[in-house]
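I opened my notebook to follow some strands and some rings. Here is what I looked up, in the order I went.

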Amino acid sequence: KFWFQNNKNIDGYDPRGNDLNIGKEIGCDQVFKLKENLSVKNHFNMRKKSIQSNISFNRNRVLQGAWSNLTIQRRHNKNLDFDIGAIWGFDSGKQFNEDFNAKAIGIKGAVNIFLNKIGRISSEIIYVNTIESNDLSILPPEALNGYALGASLKTNTRLHYLLNKTFSFNINFNTINDSRYDNLITLQGELRAYF
């Protein structure tokens with residue numbers, strides 16, 4: 001599956017004004033089945049972005065780069081499957097009138113446990129190391145899929161469970177440990193009723 005996107009939209013994240021976000025992206029998703037319960041999935045994209053601020057010229061930034069996620073997917077049985085993969089990417093561009101050139105490499109693992117068709121536990125762990133060759137202290141938020149400089153460790157665990165035909169609940173537990181967040185933990189819960 002191949003795709004191409006040509007975006008031009010307004011980002012309204014700043015209450016004092018909006019930024020013009022212009023971008024192009026091309027990519028592909030490929031799945032190769034190796035055996036009955038074993039496959040390899042590759043997600044790859046190349047992108048180019050330009051952010052033009054209405055607030056300050058210093059907020060303007062441009063970048064271009066690529067991102068790849070190569071994953072081996074294994075279905076162990078009807079109640080368990082797991083993935084292991086490699087992540088890499090690079091971005092270069094300009095922010096604050098300075099050039100940046102950054103790259104990231106990492107690994108990830110995920111497991112899904114199915115609870116007799118009434119629930120599921122999904123857990124993922126990602127470790128990514130990001131470096132910048134011009135000794136800059138920060139990167140644009142769009143660079144390298146949002147990963148901070150240095151080592152990043154993220155986990156995400158989700159529980160979905162059907163109590164009966166009317167009620168279900170979801171619990172999300174996330175952790176981030178990187179140069180921006182020191183052992184950040186978030187917990188969200190949701191109870192749903194169907195009538």
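I began with strand pairing: two strands pair if DSSP finds at least two bridges between them. Strands (E, at least two residues) are DSSP runs, numbered from the N terminus. I kept in mind that this is a predicted model, where local features need pLDDT of at least 70, side-chain atom pairs count only at pLDDT 80 or more, and totals for chains, interfaces and linings use all residues. Residues are numbered from 1 along each chain as its sequence is written, and side-chain values use heavy atoms, with hydrogens and water left out.

**Entry: strands.** I found E8 (residues 150-162) paired with E7 in the antiparallel sense over 12 bridges. Ile125 has Thr155 in E8 as its bridge partner. I then looked at E9 (residues 167-177), which runs antiparallel to E8 and is joined to E8 by 10 bridges. There I picked out Arg158, whose bridge partner in E9 is Asn172. A hairpin of four residues takes the chain from E8 to E9.

**Entry: surface.** I noted a nonpolar surface patch of Ile107, Ile125, Tyr127 and Leu153, with about 370 Å² of accessible area together. Patches are made of residues with over 30% relative accessible area and no salt bridge; like charges are joined within 9 Å, nonpolar side chains (Val, Leu, Ile, Met, Phe, Trp, Tyr) within 5 Å. A salt bridge is a side-chain nitrogen of Lys or Arg within 4 Å of a carboxyl oxygen of Asp or Glu. Areas come from the Shrake-Rupley method with a 1.4 Å probe; for residues, only the protein chains shown count as cover. I traced Tyr127 to E7 (residues 119-132).

**Entry: rings.** How many aromatic pairs does the structure hold? I have four in my notes. Rings of Phe, Tyr and Trp (its six-membered ring) pair if their centres lie within 6.5 Å; planes under 30 degrees apart count as stacked, over 60 as edge-to-face and the rest as tilted. Phe44 and Trp88 make a tilted pair, 6.3 Å centre to centre with 40 degrees between the planes. This pair links Phe44 in E3 (residues 38-53) to Trp88 in E5 (residues 80-95), 44 residues apart. Why is the pair of Trp67 and Tyr147 stacked? Their planes are at 15 degrees, so the pair is stacked, with ring centres 5.9 Å apart. I marked both Trp67 and Tyr147 as buried (under 20% relative accessible area).

How values were computed
Buried < 20%, exposed > 50% of the residue type's maximum accessible area, 1.4 Å probe, protein only.
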